[in-house]
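Visitor: I have a protein model open and would like to go through it with you. Could you take me around?
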Amino acid sequence: MDFLGQVCCCCYHDEDELEKNSLNTGDTFQYFNKLQKWRQSEAANLWNEPADSAHVERGDDHELHKLLEKRSKMRRGSEGYRRLSFDIIAHRQIRRKVKDRWKHVLEVLGFKAEADGLLTVTSCTSYESLHNPQEARRLHTILAEQTSIFGHHHGGPPERYLFVLDRLILLDVGDDFLSAARHFYPAEEEEDMSSSDGGPSTPGPILVQLNNETQKDAEVEQGEELNEDYEYFGEAKEEMDKSE
């Protein structure tokens with residue numbers, strides 16, 4: 001495995017262990033199906049505090065988690081289900097916008113092919129895996145104070161990007177990323193947006209701006225399929241751990 005692969009594979013060893021355990025359950029196909037949906041759910045929700053599997057430490061994560069739990073108890077296709085789906089999409093769009101900003105800066109720095117890997121952070125990622133926690137925290141704080149790359153970060157900037165910064169430091173481009181972020185996403189830009197619209201917006205259905213009805217239906221359907229399995233996978237993983 002090359003150096004960049006080692007930087008971006010925080011979860012590989014944990015998943016390898018889970019895959020080995022799955023061979024003892026007698027239901028390998030179901031396990032891998034749930035594993036794939038868990039990975040998709042992690043990518044869709046972009047938890048701001050990925051190490052918090054209960055999603056209670058941050059208000060924004062807790063709110064999204066409650067919406068997902070509430071929707072999972074409703075009949076698919078009902079009016080309440082669809083309403084919650086739009087709320088969920090709105091929360092996700094805010095998180096995707098932040099990720100898109102980070103991806104843009106990475107591509108400018110020449111990491112177009114590696115951007116997605118560098119930005120991949122899941123609940124398997126632990127703080128113990130950080131190689132340069134203090135320097136990563138320093139850059140994280142400066143980005144929050146001196147740029148608009150995080151947008152309106154209620155409850156503090158997303159912790160998930162602390163792990164991304166740690167990877168960039170290992171690649172010796174941490175300061176380069178900071179300089180590029182200052183250039184493309186200056187703090188004044190976010191302040192101007194706040195003053196022009198009366199302050200930060202609250203996540204809600206009104207934020208969902210999609211190009212056409214087909215795209216909207218597809219995204220709602222994707223949200224339905226991805227998140228109803230999240231709690232199930234957690235329970236399956238717990239049972240596998242007990243069987244070791």
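Guide: One term first, since it will be needed for a helix below: the expected span of a helix is 1.5 Å times one less than its number of residues. Please also keep in mind that this is a predicted model.

Visitor: Fine. How does H5 do against its expected span?
Guide: H5 has 30 residues, and from its first C-alpha to its last it reaches 43 Å, which is close to the 44 Å expected at 1.5 Å a residue. After H5 comes Gly110, whose phi is positive, near 100°.

Visitor: Stepping back, how many helices and strands are there in the protein?
Guide: The protein has 12 helices and 0 strands, and 45% of its 244 residues count as buried. Taking contacts between residues at least 6 apart in sequence, 75% join residues that are at least 24 apart.

Visitor: Now the inside. Which residues touch the most other members of the largest nonpolar core?
Guide: That core has 31 residues, and those touching the most other members are Trp102, Leu143, Ile149 and Phe177. At least two residues of this core come from each of helix H5 (79-108), helix H6 (115-118), helix H7 (133-146), helix H8 (160-170) and helix H9 (174-184), with H8 giving the most, 7 residues.

Visitor: And Trp102, what is it in contact with?
Guide: If its neighbours within four places in sequence are left aside, Trp102 is in contact with Leu119, Leu143, Ile149, Phe150, Tyr161, Val164, Leu165 and Phe177.

Visitor: What is the phi of His55?
Guide: Phi of His55 is near 55°, a positive value in a residue other than glycine. Leu46, which is not a glycine, also has a positive phi, of about 45°.

Visitor: Where is Leu46, and is that residue buried or exposed?
Guide: Leu46 is placed in the loop between H3 and H4, and Leu46 is buried, with a relative accessible area of 3%.

How values were computed: Residues numbered from 1 in each chain as written. Predicted model: local features only at pLDDT ≥ 70, side-chain atom pairs only at ≥ 80, totals over all residues. Heavy atoms only, no water. Helix = DSSP H or I, 4+ residues; strand = E, 2+ residues; numbered from the N terminus. Buried < 20%, exposed > 50% of the residue type's maximum accessible area, 1.4 Å probe, protein only. Contact = heavy atoms within 4.5 Å. Core = buried A, V, L, I, M, F, W, Y, C linked by side-chain atoms within 4.5 Å.
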